[in-house]
Amino acid sequence: MTHRDRVHRKYSASNAHRILHCPGQVSYCATLPPRPDSEASEEGTEAHELLERILLGGASDTVTTQAPREMRDAVQVALDYIEGVALRQGRALDIAVEHEYLFPQSVVPAEDAGGHLDVALIDQTTNELWVVEYKHGAGVFVPVVGNEQLLFAATALAWRRAYARIHLVVIQPRILWHGPVVREWTIDMLDVIEFQSRMERAIAIADRCGQPDTLKPGEHCRFCPGEAMCQAREKGALSVVGARSISSFVPPPPPSLGLGRLSEILLRADEIKSWLKACESYAYDSAMQNVKVPGYKLVEAQDRRTVTATPREIAATLTEIAGRYVGEDEVTERETLGVTALDKLVTKLARDAAPAGQKDAAVKAARDKFAFLTSKASSGKLSLVPETDPRPAVNRVQAMFKGVAIPALPTGE
């Protein structure tokens, strides 16, 4: 059975954060038609299947060796981490790959709540458990602390056995700008017991409800199957600017809003943008399935010219045009890779060169060394951000008079 053929349970680990924050989502989404997988989700599925295949002994088969190089490099980060844990522990560990489990609860039928875990590691000697989730996505940072998907899986695995320590792990090799691509959070059995109780209460609420007033829009709406059609989300987005419905919405001029309303709109701008983007994506997916979207149609994208000749052929043609010799160096450009691309290269080179069990440390040392070849320079521009942002506020008056010496007033003595 492939990952695509699995039965997705009503109360699953991947949906745990939405069950906790939006109880009506479960019943509401059950009424919606299935959405086609996006290109990103298809790629993620392929990466997970590649990881599973290698861990089960298929490292040298044709399917594995023909996988895209970038995907194999990303999956290798997870393989290195798993090997590194065994080396640090100094012994062989029990390993379960794509482990299927049921979540401990007594509200709904047992088979309705559960999921699959990418990798579980158990050290029988120290009585430790590692719950490992591989994330192939490069666009959305996945935190590990408080991660409900990992807590859901850890609770299921630890419910019948008390572990001394439980390590929750997110491996996200293609995100570099948020710090370590391997992130760990260690919990204990008290955390497991607390989460099991909280999750069971949430399942009970979700199982009883399904009305629109139980839908609670928020950050958890991202990747929800109903994010584009949810009336609660539409209502929440429109209420920010004082509109009751999309048909009656007329954008108010910013000066008429007042600073209080303006602040609220800015604080919820990402929520509104996310909803609009979800609407656009759903409309496009519907049209691609031959569903008529009133007022819209699918058309061929505009053609874009691309260069198909080699630098030598281009130089020869330009020589004829110019009446003088034009060399290949005049039609090609060479420039240093950008910071993001160089970060990926530094990470890969350091990881490939380091021995097993030392790869994460080698990557950190390499990135620290590479940092001396870069610099951060202020653009001189100011950004308006929420007060929760950790950067210190700039006093415009002080900035304007910076470097100006103001003479002291005479004291009259």
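**Close-up views of a predicted model**

**View 1. Helices H6 and H7 cross in this predicted model.** The axes of helix H6 (residues 148-158) and helix H7 (residues 189-208) come within 9 Å. They cross at roughly 105 degrees. Angles of 65 to 115 degrees count as roughly perpendicular, and H6 and H7 are therefore roughly perpendicular to each other.

**View 2. Residues at the contact of H6 with H7.** H6 contributes Glu 148, Leu 151, Phe 152, Thr 155 and Ala 158. From H7 come Met 189, Val 192, Phe 195, Gln 196 and Met 199. By class, seven residues of this contact are nonpolar, two are polar and one is charged.

**View 3. A tilted ring pair, Tyr 101 with Phe 152.** The structure holds three aromatic pairs, and this is one of them. The ring centres of Tyr 101 and Phe 152 are 6.3 Å apart. Their planes stand at 55 degrees, so the pair is tilted. Tyr 101 belongs to strand E2 (residues 94-102) and Phe 152 to helix H6. The pair therefore ties together parts that are 51 residues apart in sequence. Both Tyr 101 and Phe 152 are buried.

**View 4. A stacked ring pair, Phe 103 with Phe 152.** Centre to centre, the rings of Phe 103 and Phe 152 are 4.3 Å apart. The angle between their planes is 20 degrees. Phe 103 sits in the loop between E2 and strand E3 (113-123), while Phe 152 is in helix H6. This pair links distant parts of the chain, 49 residues apart. Residues under 20% relative accessible area count as buried. Phe 103, at 3% relative accessibility, is therefore buried. Phe 152 is buried too, with a relative accessible area of 0%.

**View 5. The aromatic cluster.** Ring pairs link Tyr 101, Phe 103, Phe 152 and Phe 195 into a cluster. Tyr 101 comes from strand E2. Phe 103 comes from the loop between E2 and E3.

**View 6. Strand E5 and its parallel neighbour E4.** Strand E4 (residues 128-134) and E5 run parallel. Seven bridges join them. Leu 129 has Ile 166 in E5 as its bridge partner. Strand E5 spans residues 165-171. Six of its seven residues are buried, so E5 is largely enclosed by the rest of the structure.

Note on methods. Residues are numbered from 1 along each chain as its sequence is written. This is a predicted model: local features need pLDDT of at least 70, side-chain atom pairs count only at pLDDT 80 or more; totals for chains, interfaces and linings use all residues. Side-chain values use heavy atoms; hydrogens and water are left out. Axes are lines fitted to C-alpha atoms, for helices over the stretch in contact, and angles run from 0 to 180 degrees between N-to-C directions. Helices (H or I, at least four residues) and strands (E, at least two) are DSSP runs, numbered from the N terminus. Angles under 35 degrees count as roughly parallel, over 145 as roughly antiparallel, 65 to 115 as roughly perpendicular and the rest as oblique. Contact means heavy atoms within 4.5 Å. Ala, Val, Leu, Ile, Met, Phe, Trp, Tyr, Cys and Pro count as nonpolar, Asp, Glu, Lys and Arg as charged, and the others, Gly among them, as polar. Rings of Phe, Tyr and Trp (its six-membered ring) pair if their centres lie within 6.5 Å; planes under 30 degrees apart count as stacked, over 60 as edge-to-face and the rest as tilted. Buried means under 20% relative accessible area, exposed over 50%, partly exposed in between (1.4 Å probe, protein chains only). Two strands pair if DSSP finds at least two bridges between them.
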